[in-house]
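Got your viewer open and a selection tool ready? Let's take a short walk through this model, one stop at a time.

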Amino acid sequence: MRRPALVVLGSVASIPTPHRYTQSILILGLKDVVLVDCGEATQIRLQQAGIDVVKLSAIAITHIHGDHVFGLFPLLQSFALRVRSQNLRKSIRILAPRSLCNVLEAYAQVVSTEVDQHLITCNSVDSIGNKGFLVLGDESLALMPIRVQHGDVESYGYVIKLARRPKKSEPLHIFISGNGTCDDQCRRLLKSIGVDIIVHEATFTKFEELRARITGHATCVDAAQLASELGSKLLILTHFSSRYNDKDLIDCLEQARTVFSGQIVLARDLMYIPLAMV
Ligand SMILES: [Zn+2]
Ligand SMILES: [Zn+2]
C-alpha cells in the first residue's frame, strides 16, 4: 500500500448493512496508523483491509453515538490480547469526549484484564484543552480536535496533519467531520489551517433537509458548501442513511456538484484512497 493513505472501513449511518458497516476511517501515515471512529465490527474491516490491529497508534472518537463507538470494546480486547500474548511493546491512545473515557474506565475497573490502563489510555478532549496539534509517534502524523454541532451531543471533528514524501513537501491537512455541521468558529479555524481534503457526513440528500436539521445532521449540500468555502481539493462523502439506495447516492453526488467544483468521492467500505498526489 502506498502511504499516506485513507481507507474507509465503515460508511453508513446508524444501522449496518451487509455492504456498509457503521463509521470508521483509517489513516495510514508514513509511520503511524490512526483510526477515526470505531463503529460495530470495525476490527473485521481492519482485517479485511489487511491492517494488523497492533499497528494502531491512536483512535480518535468524534462522539459517543453507538454507530461511532460500538466496535471499540472488541477491538481493544483484541489489541490487548495480541500485545500480551506476543510480549509486544505497544500501547494505544484514545482521544474522545469525556463521557466515553468514563465508560472505558468503568469497564476497566470491572474487567481489568481486558481493557488495561497501561496498554490503553483515554484522554478526554476537554482535558487536553486548546493545545493545537497533538503529535503522534515520529511527528509524521498529528491531529487536532475541533468542536462541531451535532444536536445536544458533545461532538468533534478532527484535523489530521500528515507528512508526505519527500520530507520537504508541505504536509497534507484532512478534516474528518464526524457528525453534524461546522459552525462559524469551526469554519474560521479550518480556514486558518487550510484543509486539502474533507471527509464529511452526508446523511441526507437535500430532499430531506428538514430531517437533517431536526436530527443535527448534514446534507450532501452542507458538506459541499464547506468544501467550497475552504477551497479544498477533494471531498469524500460518507455516513449515508441506511435507507438510501444507489439512486439516492447519485442524487447526493449531483447535489454536491452544484456547489463544489473540486473532486467528490462517495465513500464505500474498504475504499483505499492514496493521498500523496492530492
Ligand atoms: Zn452517526
Ligand atoms: Zn451521531
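**Stop one: a pair of helices**

Start by selecting helix α8 (residues 220–230) and helix α9 (residues 246–257) in this predicted model: the two pack at an angle of about 35 degrees, and their axes are 8 Å apart. Turn the view until one helix lies over the other, and you will find that α8 passes α9 in a right-handed crossing. Now show side chains at the contact: α8 supplies Cys-220, Val-221, Ala-223 and Ala-224, while α9 brings Cys-252, Gln-255 and Ala-256. Colour them by class and you get six nonpolar residues, one polar and no charged ones.

Keep Ala-223 selected and look around it. Its contacts beyond four places in sequence are His-200, Ala-202, Ala-218, Leu-235, Leu-237 and Ala-256.

Switch to a cartoon view and pick out seven strands, which form an open, mixed sheet ordered β6-β5-β4-β3-β2-β1-β14. Which strands stand at the edges? They are β6 (120–124) and β14 (272–274); each has a single partner strand, so one side of each has no neighbour in the sheet. From one strand to the next, the twist averages 20 degrees.

Zoom in on β2 (residues 24–28) and β3 (residues 33–36), an antiparallel pair with four bridges. Here Ile-25 sits opposite Val-36 of β3. Finally, select helix α4 (residues 98–110), which packs on the sheet and touches β5 (92–96) and β6. The direction of α4 makes about 150 degrees with that of β6.

Notes
Residues numbered from 1 in each chain as written. Chains lettered and ligands numbered in written order. Predicted model: local features only at pLDDT ≥ 70, side-chain atom pairs only at ≥ 80, totals over all residues. Contact = placed C-beta atoms within 7 Å. Axes fitted to C-alpha atoms, helices over the stretch in contact; angles between N-to-C directions. Left-handed = near helix turned anticlockwise from the far one by under 90°. Nonpolar A, V, L, I, M, F, W, Y, C, P; charged D, E, K, R; others polar. Pairing = 2+ DSSP bridges.
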